[in-house]
Amino acid sequence: MSTDTGIALYPEYDRDRTRVRRISASPKTLPPEPENIDQNKDLSPRMDGQSWVMLIVLSVLWGGSFFFTEIALVDLPPFTLVLGRVAIAAMILWWVVLLRHIDIPRDPKIWLSFLVMGALNNLIPFSLIVWGQTHIASGLAAILNATTPLFTLIIAHLATRNEKLTRRKVIGVLTGFVGVMIVIGLPDGIVPAIESSMSSNTGTSVFKDVFSLAPFAPLAVLIAAISYGCAGVFGRRFKNTPPILTAAGQTSASSLMLLPICMMIDTPWHLPFPKTETILAVLGIAAFSTALAYILYFQLLKRAGASNLLLVTFLIPVSAILLGVLFLGETLALRQIGGMAVIGLGLAVIDGRLIGRKGNPRKSPA
């Protein structure tokens, strides 16, 4: 059979051959080989307008979780709430996966990756922050949690080829961290541990007996921030997996790991049946602050990289405060407005609007 006859019978062959010629003629369109990447240059994706919108929406979803949590904790102990949050989110996500006919992976390696992601992004930080907040003020916990972008910069610099530490990023992240401190205010530091005489429904006394060293509580929250940073870098491997599938796998793995912890510490079968507002709050935090939020999380991770994604930590306190002003009638203090401006300045520096991506100030147009 002649070549022309083969092309006539199999037009896809002609398309493939044309495609090969096009690629061969334009080698600059190919991604750079790993060995050609400058190890000292930041090649991380730049945050475009859509990425910033996604980051703001994600901060609102996670900032709104404070409302749901405050309502739900009246009736539910911490680990029961966390388990309900991730388990219900997993069910919602798998339902959507089935509706969209997304292929469920069968490779054990990706399920092992889901397990690691669930541990790094949910189990470890949730557990440490819950325990840490029984010994330290919430303001200090929030400030320590805001160190997540700092640790992410370092972890991404060491573990990736294209998210390198630069002066612009360091200046921007430090500025944003100062803004968070201004918004939240000076923390009260370590506070007395919650006494065992508190309601047995919380399960706090059992957890306190296991971890009785209150001075280590700030360290626990810092380790949680490091864990979040590791999760952001580890999650880069899911770039070819649909975000909704990654979110479903992660929350499922988290549920399986949290179940024995919840059973051991909270003994939820002894709890009274929760009120209607508590059930609605759990559904809200599961559907919006977990299921929808993690879909955005993995989409943004794919678009903008780990170090840009975890800038959301700076915006969460801002979103929580603004939601309180809008829906709870809270007052916005001048200090908080100033802190938000400083956070905005830090984000502008990271974005390259004040300091160029090569470290040079941008020139204003003539």
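Which residues form one aromatic cluster? The cluster consists of W62, W94, W111, F114, F234, F238, Y294, Y297 and F298. This is a predicted model, in which local features need pLDDT of at least 70 and side-chain atom pairs count only at pLDDT 80 or more, while totals for chains, interfaces and linings use all residues. Residues are numbered from 1 along each chain as its sequence is written, and side-chain values use heavy atoms, with hydrogens and water left out.

Helix α3 (residues 49–72) packs against helix α12 (residues 276–304) at an angle of about 155°, their axes lying 9 Å apart. Because of this angle α3 is roughly antiparallel to α12, a term used for angles over 145 degrees. The residues of the contact between α3 and α12 comprise 19 nonpolar, 9 polar and 2 charged.

Across the whole structure, a search finds 10 aromatic pairs, a pair being rings of Phe, Tyr and Trp (its six-membered ring) whose centres lie within 6.5 Å. W62 and Y294 have ring centres 5.9 Å apart and planes at 75°, so the pair is edge-to-face, meaning planes over 60 degrees apart. This pair joins distant parts of the chain, with W62 in helix α3 and Y294 in helix α12, 232 residues apart. W62 counts as buried at 14% relative accessibility, and Y294 is buried at 4%, where buried means under 20% relative accessible area (1.4 Å probe, protein chains only).

F238 and F298 also form an edge-to-face pair, 6.3 Å centre to centre with 85° between the planes. F238 lies in the loop between α10 (217–234) and α11 (243–265), whereas F298 is in helix α12, 60 residues apart.

Methods:
Axes are lines fitted to C-alpha atoms, for helices over the stretch in contact, and angles run from 0 to 180 degrees between N-to-C directions. Helices (H or I, at least four residues) and strands (E, at least two) are DSSP runs, numbered from the N terminus. Angles under 35 degrees count as roughly parallel, over 145 as roughly antiparallel, 65 to 115 as roughly perpendicular and the rest as oblique. Ala, Val, Leu, Ile, Met, Phe, Trp, Tyr, Cys and Pro count as nonpolar, Asp, Glu, Lys and Arg as charged, and the others, Gly among them, as polar. Rings of Phe, Tyr and Trp (its six-membered ring) pair if their centres lie within 6.5 Å; planes under 30 degrees apart count as stacked, over 60 as edge-to-face and the rest as tilted. Buried means under 20% relative accessible area, exposed over 50%, partly exposed in between (1.4 Å probe, protein chains only).
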